[in-house]
Amino acid sequence: MRGFADWMLHECRKKGLFDGSVAVTQPRPSGGAKLEQLAAQDGLYTLLIRGLEQGRKVERSEVVAVFRELIDPYREWERFLSLADRPELEAVISNTTEAGLTYVYTPWKPDEPMPSYPARLTLWLYRRYEAFAGAADKGLLLLPCELLERNGDTLKACVLRHCDDWSLPDGFRRWLEEHNRFLNSLVDRIVTGYPADEAPALFERWGYEDLLLNTAEPYHFWAIEGEPELDRRLPFVQAGLNVRWVPDLRPYQLRKVRILNGAHTLMTPLGLLSGVRHVRELMEHETLGSWVREAVAEEIVPAVPLEPSELRVYAAEVFERFANPYIEHRLSDIAMNSVSKFRTRLVPTLLSYAGERRELPQRMVTALAALLRLYRVKRLDDGGYGGVRFDGTPYTVNDSKPVLETMSALWAEYGTDARLLADAVLSREEWWGCDLRTPAGLPLVQAIARQLEQWEEYE
């Protein structure tokens with residue numbers, strides 16, 4: 001939040017568009033230490049933005065000053081609830097991680113801190129409803145930033161479920177439904193946190209120490225499902241920020257999943273098998289970098305049902321982000337649960353491309369073959385699963401136990417026959433969402449088998 005929404009509000013204040021401030025609370029008890037640090041710094045912190053913009057390195061730092069109140073709801077429960085009594089409140093912005101945006105049954109104990117964010121929010125909103133007798137103009141904008149599709153709908157469903165659990169009045173439910181806006185949104189920015197190794201040199205250069213120093217890439221994007229008139233309340237667009245109020249969030253979710261996330265999943269198996277460690281290193285590789293760019297331009301973008309020119313601009317922004325010299329994004333982290341990621345990020349593109357063009361996307365075929373080869377694993381002594389790269393060096397694979405057990409068994413049974421192996425893997429509908437052996441009647445099994453055989457000969 002300090003590298004995204006709080007910074008955006010700071011930018012609005014700088015331009016004279018927003019004269020408000022932020023009351024900040026933490027979602028978990030362990031976050032109290034951060035609030036204490038913020039209090040010791042009078043609510044101030046430095047944001048260091050660095051990376052590439054239009055091919056040039058940029059680095060700029062700024063002290064962000066938007067926090068007015070710091071409240072620990074676990075130690076200051078009544079003070080936290082009393083925030084609901086403030087008539088000037090406009091919005092509640094959250095980022096509790098995906099795990100925090102879930103329903104957890106909670107008994108009705110209004111005098112004690114509620115353990116989950118949705119439960120706390122429900123009680124807090126009820127306090128506001130009672131404080132202003134359900135006044136229509138005291139409803140709020142609720143903006144969850146958790147990386148979850150339809151995050152606003154999810155939060156609202158949790159709140160309404162707590163209403164049912166606690167038998168809260170029908171009038172409160174109507175006030176929630178009619179006068180509060182639970183807005184779905186999509187956030188996109190890499191915030192890399194405190195740069196421990198570099199901090200001493202930065203502090204010496206700046207002449208002050210900041211234990212809450214935060215770092216982020218230059219790129220930022222926030223799509224919010226709501227009418228543009230809402231920018232009068234939160235003037236992000238007026239401030240020149242890369243924020244869009246949109247009638248439908250799905251196109252923006254689709255382009256991110258298919259292009260940014262899809263490119264990550266496409267590059268990772270082949271990169272790891274080739275001994276590449278990071279995204280930037282892969283994009284700078286003499287052959288793999290151009291392979292990824294060509295796959296996105298020629299196979300992914302044409303298969304996404306959105307305006308091609310906008311997709312090409314977005315793809316160029318993605319590649320610039322991948323090349324950020326200040327970010328070490330490990331392929332091994334991206335590789336976690338690669339089978340399910342391939343299903344959501346690349347299988348729809350593969351099917352669309354094959355169906356429209358009546359041919360297989362060859363680079364995507366290579367990526368899928370590399371995924372199978374990456375999962376050529378055996379059980380290790382520590383209970384994990386691992387294999388060997390093209391050059392013979394070992395690696396481990398992180399995925400669900402059933403997937404790893406099955407992949408290990410399939411390689412043990414069919415490892416000497418690439419076609420039988422590909423047939424057995426691609427036929428598993430629970431992994432891919434469909435039988436993937438012959439998309440649009442095309443021979444994907446044979447194509448995967450040929451690629452696997454080439455690698456075996458190479459080894």
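These exercises walk through selected features of the structure, each with a worked solution.

The model is predicted: local features need pLDDT of at least 70, side-chain atom pairs count only at pLDDT 80 or more, and totals for chains, interfaces and linings use all residues. Residues are numbered from 1 along each chain as its sequence is written, and side-chain values use heavy atoms, with hydrogens and water left out.

**Exercise 1. Helix α1**

Task: Find which residues of helix α1 are buried.

Solution: 
- Step 1. Helices (H or I, at least four residues) and strands (E, at least two) are DSSP runs, numbered from the N terminus. Buried means under 20% relative accessible area, exposed over 50%, and partly exposed in between (1.4 Å probe, protein chains only).
- Step 2. List the residues. Ala 5, Asp 6, Trp 7, Met 8, Leu 9, His 10, Glu 11 and Cys 12 of α1 are buried.
- Step 3. Draw the conclusion. Helix α1 covers residues 5–14, and eight of its 10 residues are buried, so the helix is largely enclosed by the rest of the structure.
- Step 4. Look just past the helix. Gly 16 there has a positive phi of about 70 degrees.

**Exercise 2. An aromatic cluster**

Task: Work out which rings form a cluster with Tyr 129.

Solution: 
- Step 1. Rings of Phe, Tyr and Trp (its six-membered ring) pair if their centres lie within 6.5 Å; planes under 30 degrees apart count as stacked, over 60 as edge-to-face and the rest as tilted. The whole structure holds 16 aromatic pairs.
- Step 2. Take Phe 172. Its ring and that of Tyr 129 are 5.4 Å apart, centre to centre, with 55 degrees between the planes, a tilted pair. Tyr 129 is in helix α4 (residues 117–131) and Phe 172 in helix α6 (residues 170–179), so the pair ties together parts 43 residues apart in sequence. Phe 172 is buried, at 0% relative accessible area.
- Step 3. Take Trp 175. This ring also makes a tilted pair with Tyr 129, at 5.8 Å centre to centre and 50 degrees between the planes. Trp 175 lies in α6 and Tyr 129 in α4, so this pair ties together parts 46 residues apart in sequence. Trp 175 is buried, with 3% relative accessibility.
- Step 4. Join the rings. Ring pairs link Tyr 126, Tyr 129, Phe 172 and Trp 175 into a cluster.

**Exercise 3. Two packed helices**

Task: Describe how α8 and α13 cross.

Solution: 
- Step 1. Two packed helices are described by the angle between their axes and the distance between the axes. Axes are lines fitted to C-alpha atoms, for helices over the stretch in contact, and angles run from 0 to 180 degrees between N-to-C directions.
- Step 2. Read the geometry. The axes of α8 (residues 250–273) and α13 (residues 338–345) come within 9 Å and cross at roughly 145 degrees.
- Step 3. Name the residues in contact (heavy atoms within 4.5 Å). Helix α8 supplies Val 257, Arg 258, Asn 261, Gly 262, His 264 and Thr 265, while α13 supplies Lys 341, Phe 342, Thr 344 and Arg 345.

**Exercise 4. Positive phi in loops**

Task: Locate Asp 42 and Arg 150, and state the phi of each.

Solution: 
- Step 1. Recall the background. Most residues other than glycine have a negative phi.
- Step 2. Take Asp 42. Its phi is positive, near 55 degrees. Asp 42 lies in the loop between α2 (32–40) and β2 (45–53). Asp 42 is exposed, at 64% relative accessibility.
- Step 3. Take Arg 150. Its phi is positive, about 55 degrees. Arg 150 lies in the loop between β6 (141–144) and α5 (151–166). Arg 150 is partly exposed, at 27% relative accessibility.
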